[in-house]
Amino acid sequence: MSTPFTIGTLTLQSKYLLAPMEGVSDVGFRRLCFQNGAGITWTEMVRASGIVRRNKATLDLIDTFDSGTPTGIQLFAVNERELAVALYNLDQLANSTHPHFKNIVAVDLNFGCPSPDIIRTGAGPALLKRVNKMNIMFDKLAHWRKTTTLPIGAIGAKIRLGLNQQEQDHKIYLRLVEPACKHLDYFIVHARNAKQKSSDPVSWNAIKEVKDLAIRQPRTIPIIGNGNVFSAIDAERMTSQTGCDGIMIARAAIANPWVFRELTGHGDAKPTAIEIARAKEEYMAIAQAYTTKQKYLDFHKEGFSRMLSGIQQSVPKSENMQ
Ligand SMILES: Cc1cc2nc3c(=O)[nH]c(=O)nc-3n(C[C@H](O)[C@H](O)[C@H](O)COP(=O)(O)O)c2cc1C
């Protein structure tokens with residue numbers, strides 16, 4: 001049975017966290033995963049520049065309408081200035097035109113997006129080797145957290161192991177542990193470098209190295225492992241091999257949102273036809289209430305149908321397979 005898990009000041013129902021996923025992690029899907037046992041959920045990656053420009057399509061991604069589902073926003077910022085302005089704007093919007101932003105309980109910084117456009121600008125995984133810059137961004141986030149009117153319970157970051165194999169071999173990710181422990185409440189390690197595809201092998205050993213170093217810091221924080229956990233057996237293996245505190249789940253949740261039920265020891269991963277039908281109904285009602293975009297509806301409707309017919313859903317093509 002899963003026990004409560006703490007990050008920052010948030011007490012979560014489990015240590016299994018739903019990953020931010022572009023084109024997938026909308027409000028209805030997040031609620032379904034939470035109902036099945038996910039400890040916390042995140043919006044998909046939201047560009048700080050879009051928040052600053054008050055771009056409607058960007059703001060629509062922050063669909064944090066459901067106060068019953070713990071949800072963090074995942075932010076992508078190219079530098080500390082852009083981050084600071086975006087955070088300031090979040091507060092402003094929450095207090096004026098976007099009151100549902102007040103439901104945001106966590107902020108996660110994305111340093112894993114492998115998109116060439118992002119890497120070309122020196123952002124995302126290209127920043128991983130720039131420890132001072134990363135330290136400043138973590139610090140900015142921590143400072144904002146002290147003054148924001150949003151009920152932020154946890155701040156953190158999601159990294160890859162480097163921009164490429166060379167950086168991974170140099171273990172640049174280990175240099176980030178000290179600033180992360182100093183400023184953040186949790187640290188998510190996707191155990192691949194940014195050149196690797198999701199079909200490439202994961203290096204769980206790097207998660208262990210991060211955890212071993214984190215516990216030696218004056219202030220330690222939970223380390224969340226990510227990559228290739230599809231079942232309770234995988235989760236046990238990752239936990240015993242790495243010592244990680246929590247586990248982030250992405251593709252397994254797309255294939256089957258009930259995977260959290262198995263992970264948390266609350267039942268079978270395989271839902272009944274009635275459960276799937278009810279979940280679909282609830283998803284559609286939420287989508288209608290909050291005018292979820294058609295692409296999410298199409299994606300999840302197909303997912304429910306495939307689950308009903310016992311066929312595993314394929315993963316959508318995303319430039320953003322972080
Ligand atoms: C469709 C899809 C979209 C994704 N979008 C994001 C994203 O917006 N932000 C992010 O940090 N990671 C994103 N990822 C990466 C996942 O969060 C996760 O790190 C990766 O899939 C490895 O976990 P897994 O083995 O459990 O799938 C995405 C992954 C998929 C499959």
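## A buried strand residue

Leaving aside neighbours within four places in sequence, Val105 is in contact with Leu10, Ile40, Pro70, Thr71, Pro151, Ile152, Gly153 and Ala154, where contact means heavy atoms within 4.5 Å. The model is a predicted one, in which local features need pLDDT of at least 70 and side-chain atom pairs count only at pLDDT 80 or more, while totals for chains, interfaces and linings use all residues. Residues are numbered from 1 along each chain as its sequence is written, and side-chain values use heavy atoms, with hydrogens and water left out.

Val105 belongs to strand S6, which covers residues 104–111; helices (H or I, at least four residues) and strands (E, at least two) are DSSP runs numbered from the N terminus. Val105 counts as buried because its relative accessibility is 16%, buried being under 20% relative accessible area, exposed over 50% and partly exposed in between, with a 1.4 Å probe and protein chains only. One of its contacts is Ile152, and although Val105 and Ile152 are 47 residues apart along the chain, their C-alpha atoms are separated by 4.3 Å.

## The nonpolar cores

The largest nonpolar core has 97 residues, and those with the most contacts inside it are Ile51, Phe111, Phe187 and Phe260; such a core is a set of buried Ala, Val, Leu, Ile, Met, Phe, Trp, Tyr and Cys residues joined through side-chain atoms within 4.5 Å. The largest share of this core, seven residues, comes from helix H6.

Phe111 touches, when residues up to four places away in sequence are not counted, Gly124, Pro125, Leu127, Leu128, Met134, Met137, Phe138, Ala157, Lys158, Ile159 and Arg160.

## Two helix pairs

Helix H4 (residues 80–94) packs with helix H6 (residues 131–147) at an angle of about 15°, their axes lying 9 Å apart; axes are lines fitted to C-alpha atoms, for helices over the stretch in contact, and angles run from 0 to 180 degrees between N-to-C directions. H4 and H6 are therefore roughly parallel to each other, given that angles under 35 degrees count as roughly parallel, over 145 as roughly antiparallel, 65 to 115 as roughly perpendicular and the rest as oblique. On the H4 side the contact is made by Glu80, Leu83, Ala84, Leu87, Tyr88 and Asp91, and on the H6 side by Lys133, Ile136, Met137, Lys140, Leu141 and Trp144. By class, this contact of H4 with H6 has eight nonpolar, no polar and four charged residues, where Ala, Val, Leu, Ile, Met, Phe, Trp, Tyr, Cys and Pro count as nonpolar, Asp, Glu, Lys and Arg as charged, and the others, Gly among them, as polar.

Helix H13 (residues 273–289) and helix H14 (residues 294–308) pack at about 170°, with axes 10 Å apart, which means that H13 is roughly antiparallel to H14. Their contact has 11 nonpolar, one polar and two charged residues by class.

## Two further buried residues

Asp234, in helix H10 (residues 232–242), counts as buried because its relative accessibility is 14%. Not counting residues up to four places away in sequence, Asp234 touches Trp204, Asn228 and Val229.

Gln217 is placed in the loop between helix H9 (204–214) and strand S9 (223–226), and at 16% relative accessibility Gln217 counts as buried. Leaving aside neighbours within four places in sequence, Gln217 is in contact with Val177, Glu178 and Cys181; the C-alpha atoms of Gln217 and Val177, 40 residues apart along the chain, are separated by 8.4 Å.
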